[in-house]
Amino acid sequence: MGFTFTNLDKQTRAHMVQEIERDVAAGRLYLSDNLSPQGRADYPGLLRTASETGTEVKLAAALHTRLNSHEKPRQLRSGKMTKPPVMRINAHEMLAEGEFNRFYARGLCARAIADGIQEVEVYRDKPVTNPRAESEAMIGRRVPAQDLLDDLRTAQGVEPALGLPPGPNSGL
């Protein structure tokens, strides 16, 4: 079962698209190393379309055939590089969920600010089998909408400073 995106309406979608356009214009849209060259070219449009009319599921389906066959090799502590591992079977879903949720959160924050709402509340939007304690501790926490928006804008592809969302598959 995926996200429900409780507030994913026309107004939130418009803010999501504005946030995507902001990143594209600044040359800051996160492009995963897992994307193939064609996937990197197609990704901005696919993300925009999913944000306008779809969901993370639609985005994942579109990304499924736009990934490299292998992940990048990793450097071991010894300094040696691993063989490039075969791409994870759910890599397209993880990318789609993470980035769609990030833009959803950015859209909600931008919408709240536009509506004069100063804080947003953290909630679990996707059921998870084994929730992490740090994720559970964040539920119900209220954070300044502008601080969260700024954090999510600057933390593409890395863990945001405020810890929201707190890693992959958190469902927050």
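Visitor: Which residues are linked in a network of salt bridges?

Guide: Glu-19, Asp-23, Arg-106 and Arg-153 are linked in such a network. Keep in mind that this is a predicted model.

Visitor: How many salt bridges does the count come to?

Guide: The count comes to 15 salt bridges. One of them pairs the side chains of Glu-21 and Arg-48, at 2.3 Å from N to O.

Visitor: Where do Glu-21 and Arg-48 lie?

Guide: Glu-21 is in helix α1, residues 10–26, and Arg-48 is in helix α2, residues 37–53, so this pair ties together parts that are 27 residues apart in sequence.

Visitor: OK, next one. What does Glu-71 form a salt bridge with?

Guide: Arg-74 is one partner, with the closest N and O atoms 2.6 Å apart. The side chain of Glu-71 also meets that of Arg-88 in a salt bridge, at 2.7 Å from N to O. Glu-71 and Arg-88 are 17 residues apart, and each sits in the loop between α3 (56–63) and α4 (91–114).

Visitor: And Glu-71 itself, buried or exposed?

Guide: Glu-71 counts as buried, because its relative accessibility is 7% and the cut-off for buried is under 20%. Its two partners are partly exposed: Arg-74 has 46% relative accessibility, and Arg-88 has 36%.

Visitor: Switching to the core. Which residues have the most contacts inside the largest nonpolar core?

Guide: Leu-47, Leu-59, Leu-63 and Phe-100, in a core of 24 residues. Helices α1, α2, α3 and α4 each give two or more residues to this core. The largest share is that of α4, with seven residues.

Visitor: Take Leu-59. What is it in contact with, leaving aside neighbours within four places in sequence?

Guide: Leu-59 is in contact with Leu-46, Leu-47, Ala-50, Ala-96 and Phe-100. Of these, Leu-47 and Phe-100 were named above among the residues with the most contacts inside the core.

Visitor: What lies apart from that core?

Guide: Another core, of nine residues, including Cys-109, Ala-112, Val-120 and Leu-152.

Terms used:
Residues numbered from 1 in each chain as written. Predicted model: local features only at pLDDT ≥ 70, side-chain atom pairs only at ≥ 80, totals over all residues. Heavy atoms only, no water. Salt bridge = Lys/Arg side-chain N within 4 Å of Asp/Glu carboxyl O. Helix = DSSP H or I, 4+ residues; strand = E, 2+ residues; numbered from the N terminus. Buried < 20%, exposed > 50% of the residue type's maximum accessible area, 1.4 Å probe, protein only. Core = buried A, V, L, I, M, F, W, Y, C linked by side-chain atoms within 4.5 Å. Contact = heavy atoms within 4.5 Å.
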